[in-house]
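Hi there,

Here is the structure I promised to pass on to you. Have a look at it first, and then read on for my notes.

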Amino acid sequence: MNKPVIMDHPLIQHKMSILRDKSTGFKEFRELVSEIAMLMCYEATRDLPLAEVDIETPLAIAKTKVIAGRKIVFVPILRAGLGMVDGMLKLVPAARVGHVGMYRDPETFVPHEYYCKLPPNMDQREVIVLDPMLATGGSAIDAIDAIKKRGCKSIKFMCLVAAPEGLNALQEKHPDVQIYAAALDQCLNEHKYIVPGLGDAGDRIFGTK
C-alpha cells in the first residue's frame, strides 16, 4: 500500500487557506483551484521516467533529458474535477484528457457513473485522476474501477481536501494507487461533507450556489 502524500509546501498551504474562506468569490476560487492543482502536479509527476537525448545548442551538443515511457492522461471526475484540469495542462500541455461522470445519491450518498470517455490504449498510459474532494471515497473508487476496466494499470489520484474516511476507503480498495492531497481534514459530518472542508467544490468553482 502506497503512503498518501499530503502536500506541505508553503504556497499550497497559503492558497488553501484562501480557498477555504467562505468569503472567497467563485472567480478567485476557480483560479486558486487551478493554481493549487498546478503546484501539486509538480510533485505528482516527480517520478516520470526520463530518457537521455542529444540536443544541439547554439554552442555545442548537450546531453539532456526528456520525459519517456507512458503517455499521461488527466481524468477529472465530473464536474468539480474540471476545475483542476487547466492547471495540470499548464505543466503538461501534451497530456490527453479523459472524463468520468459521477453523481452522488442525496439520500444514500452512493455514487453512480453516468459517463466515461477515455483515450485509446489505456493500458499504455499513466493516469492522474482529479477531484477536489475525497469525502467518502465512493466516487474516486468507482472512477478508478471504471478506468481499470479499460485496461489502465498505472493510476494516481489527486485531490485538494481529503477526509480520513475517504482516504482509508480508497487505500483499502485500490492500494496500488498513489494518493496526493493538499490537506487532510478532520472527519465527515452527518451529510458526508468534509469538516472543516471548503464547502461544495463544484458549486464554488462554477458559481452555481
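Let's start with helix α3, residues 82–91, whose buried residues are Gly83, Met84, Val85, Gly87 and Met88. Buried here means under 20% relative accessible area, while exposed means over 50% and partly exposed lies in between, using a 1.4 Å probe and protein chains only. Helices are DSSP runs of H or I with at least four residues, strands are runs of E with at least two, and both are numbered from the N terminus. As background, an α-helix has 3.6 residues a turn, so residues three or four places apart point the same way.

What covers those buried residues of α3? The cover includes the helices α2 (26–44) and α6 (201–206), along with the strands β4 (71–78), β5 (96–97), β8 (125–130) and β10 (154–162). A contact means heavy atoms within 4.5 Å.

Before going further, please keep in mind that this is a predicted model, in which local features need pLDDT of at least 70 and side-chain atom pairs count only at pLDDT 80 or more, while totals for chains, interfaces and linings use all residues. Residues are numbered from 1 along each chain as its sequence is written, and side-chain values use heavy atoms, leaving out hydrogens and water.

Now for the whole protein. Its secondary structure comes to 6 helices and 13 strands. The C-alpha trace spans about 65 × 40 × 30 Å along its principal axes. Of the 209 residues, 45% are buried. Among contacts between residues at least 6 apart in sequence, 64% join residues at least 24 apart.

The protein carries 26 positive and 26 negative side chains, and the centres of the two sets lie 3 Å apart. Lys and Arg count as positive and Asp and Glu as negative, without His or the chain ends; each charge is placed at NZ of Lys, CZ of Arg, CG of Asp or CD of Glu.

How many disulfides does the structure hold? It holds 0, where a disulfide is a pair of cysteine sulfur atoms within 2.5 Å. For Cys41, the closest cysteine sulfur is in Cys159, and at 15 Å it is too far for a bond. Cys41 is buried, with a relative accessible area of 0%. The sulfur of Cys187 also has its closest cysteine sulfur in Cys159, 16 Å away and too far for a bond. Cys187 is partly exposed at 28%.

Finally, some backbone details. Most residues other than glycine have a negative phi, and most peptide bonds are trans. Here, the bond from Leu78 to Arg79 is cis, with omega near 0 degrees, and Arg79 is found in the loop between β4 and α3. Another cis peptide bond joins Val195 and Pro196, with omega about 0 degrees; Pro196 sits in the loop between β13 (194–195) and α6.

Which phi does Asn121 have? Its phi is near 55 degrees, a positive value in a residue other than glycine. Asn121 lies in the loop between β7 (111–117) and β8, and is partly exposed at 44% relative accessibility. Lys192, not a glycine either, has a positive phi of about 65 degrees. Lys192 is in the loop between β12 (187–188) and β13.

Happy exploring!
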